[in-house]
Amino acid sequence: MKTPGAVSSLCWSGDALVDPVGGMVRYGLDGTTDDPHIRYAYRFDRAVMSPDGRYSVLYESLGTAGLLLEGTRVVRQLMRDFYQAHVHDYPVALHTLPSGRTLLAHCPESYCVVELEDAATGERLTKRDNTPADIFHSRLQFSPDGRYLASAGWIWHPVDAASVFDVPRALEEPASLDSAALMEGVEGGIFLTSVAFGAKDTLVFVRVDESRDGDRFYLGTYSLTERKQLSEVELEEPAGPLMVVDAEHVVDFFGHPKLVSRATGRVVQRWEDLDTGKVLASIRHHLPPPPPFALDAAHRRFAVGTASGIEVVTLAAQ
């Protein structure tokens with residue numbers, strides 16, 4: 001798919017791709033382009049969009065500033081804690097409930113406190129006075145049904161760490177956001193560099209085992225309802241951001257997209273011509289920024305921004 005130039009960000013919206021940072025330009029898979037000719041005069045470099053396409057957040061991935069939009073209209077400015085903000089990815093996610101209400105998850109006051117807000121009104125839905133677990137939250141993502149919210153961040157000194165929260169429970173008991181109890185049984189959530197939601201309340205994760213002989217990476221599956229690990233296999237190569245394709249495969253985006261067998265850990269297909277950066281975990285201040293790419297697990301496809309346009313890859317059903 002050709003574009004006038006390189007895109008600044010990518011989000012799926014139905015059967016189209018949107019570049020919110022680039023001015024909410026919409027690229028249809030049929031080759032059509034809709035440019036509202038709006039520019040946001042700041043150094044935003046990433047974006048997330050609600051499933052219904054109504055809201056989006058532009059943000060500086062290694063900064064503190066964010067901007068919540070409804071369509072192209074500015075709703076309000078967002079901020080995250082300055083502490084170590086230059087080191088790890090901005091924590092923010094959006095999810096639209098069946099009622100039509102959109103939840104905004106972010107860390108507006110402290111790096112270790114996740115809050116849920118009503119995107120439309122700004123109402124804080126998880127007010128509490130509690131002592132949180134000392135985790136640098138990052139790369140927030142809702143499960144497709146909105147039941148769970150995952151964080152793939154880190155703790156001192158530094159060690160990668162993942163947490164998963166039960167969203168309905170958090171809305172009833174906000175203090176539940178201050179623990180990581182749902183990751184019991186997988187190293188307590190420690191040493192997990194990347195996570196992605198799979199089918200039937202499962203979480204697929206990458207775990208790293210650090211040693212003097214070199215790091216070893218493992219791909220595993222965890223049941224959030226049973227609170228136990230279901231499987232784990234050693235990977236033949238390091239892995240970064242994930243997209244769960246089905247029960248047999250994931251796509252790993254470290255370096256370039258790779259289709260990986262969940263049973264063997266081996267790469268079965270590569271797209272070496274598509275650069276997706278060298279990011280393994282949330283701490284990436286020492287790395288060049290990755291090109292924009294967008295995942296659509298429900299339709300088994302992903303899109304990668306290139307110097308000349310957007311490449312869309314759709315995976316055939318096995």
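The legends below describe close-up views of a predicted model.

**View 1. Salt bridge between Arg284 and Asp89**. The closest N and O atoms of Arg284 and Asp89 are 2.8 Å apart. Arg284 lies in the loop between strand E22 (267-270) and strand E23 (293-296), and Asp89 lies in the loop between strand E8 (73-79) and strand E9 (92-96), so the pair ties together parts that are 195 residues apart in sequence. Both Arg284 and Asp89 are buried.

**View 2. Salt bridge between Asp118 and Arg101**. In this pair the closest N and O atoms are 2.6 Å apart. Asp118 belongs to strand E11 (residues 115-118), while Arg101 sits in the loop between E9 and strand E10 (102-106); the two residues are 17 apart and link distant parts of the chain. Asp118 is buried because its relative accessible area is 9%, under the 20% limit. Arg101 has 32% relative accessibility and therefore counts as partly exposed.

**View 3. Salt bridge between Arg270 and Glu237**. The closest N and O atoms of Arg270 and Glu237 are 2.2 Å apart. Arg270 is in strand E22 and Glu237 in the loop between strand E18 (228-234) and strand E19 (242-244), so that distant parts of the chain, 33 residues apart, are linked. Both partners are partly exposed: Arg270 has a relative accessible area of 33%, and Glu237 has 24% relative accessibility.

**View 4. Network of salt bridges**. Seven side chains take part, namely Arg76, Glu109, Glu115, Glu117, Arg124, Arg128 and Asp178. Side chains of opposite charge can pair when their charged atoms come close.

View 5. Glu236 is placed in the loop between E18 and E19 and counts as partly exposed at 46% relative accessibility. The C-alpha atoms of Glu236 and Tyr218 are separated by 8.7 Å, the two residues being 18 apart along the chain.

**View 6. The second largest pocket**. This pocket holds about 290 Å³ of space. It is lined by 15 residues, of which Asp160, Thr193, Glu210, Leu280 and Ala281 are the closest to its centre. The lining divides into nine nonpolar, two polar and four charged residues.

**View 7. Nonpolar surface patch of Phe82, Tyr83 and Trp156**. Together the three residues have about 350 Å² of accessible area. Trp156 is found in the loop between strand E13 (148-155) and strand E14 (159-166). With a relative accessible area of 40%, Trp156 is partly exposed.

Key: Residues are numbered from 1 along each chain as its sequence is written. This is a predicted model: local features need pLDDT of at least 70, side-chain atom pairs count only at pLDDT 80 or more; totals for chains, interfaces and linings use all residues. Side-chain values use heavy atoms; hydrogens and water are left out. Patches are made of residues with over 30% relative accessible area and no salt bridge: like charges are joined within 9 Å, nonpolar side chains (Val, Leu, Ile, Met, Phe, Trp, Tyr) within 5 Å. Accessible areas come from the Shrake-Rupley method with a 1.4 Å probe; for residues, only the protein chains shown count as cover. A salt bridge is a side-chain nitrogen of Lys or Arg within 4 Å of a carboxyl oxygen of Asp or Glu. Helices (H or I, at least four residues) and strands (E, at least two) are DSSP runs, numbered from the N terminus. Buried means under 20% relative accessible area, exposed over 50%, partly exposed in between (1.4 Å probe, protein chains only). On a 1 Å grid over the protein atoms alone, a cavity is a set of points where a 1.4 Å probe fits but cannot get out, and a pocket is an open set with protein on both sides within 12 Å along at least five of seven lines; lining residues have an atom within 4 Å of a point. Grid points are joined across faces, edges and corners, and a volume is the space filled by probe spheres set on the points. Ala, Val, Leu, Ile, Met, Phe, Trp, Tyr, Cys and Pro count as nonpolar, Asp, Glu, Lys and Arg as charged, and the others, Gly among them, as polar.
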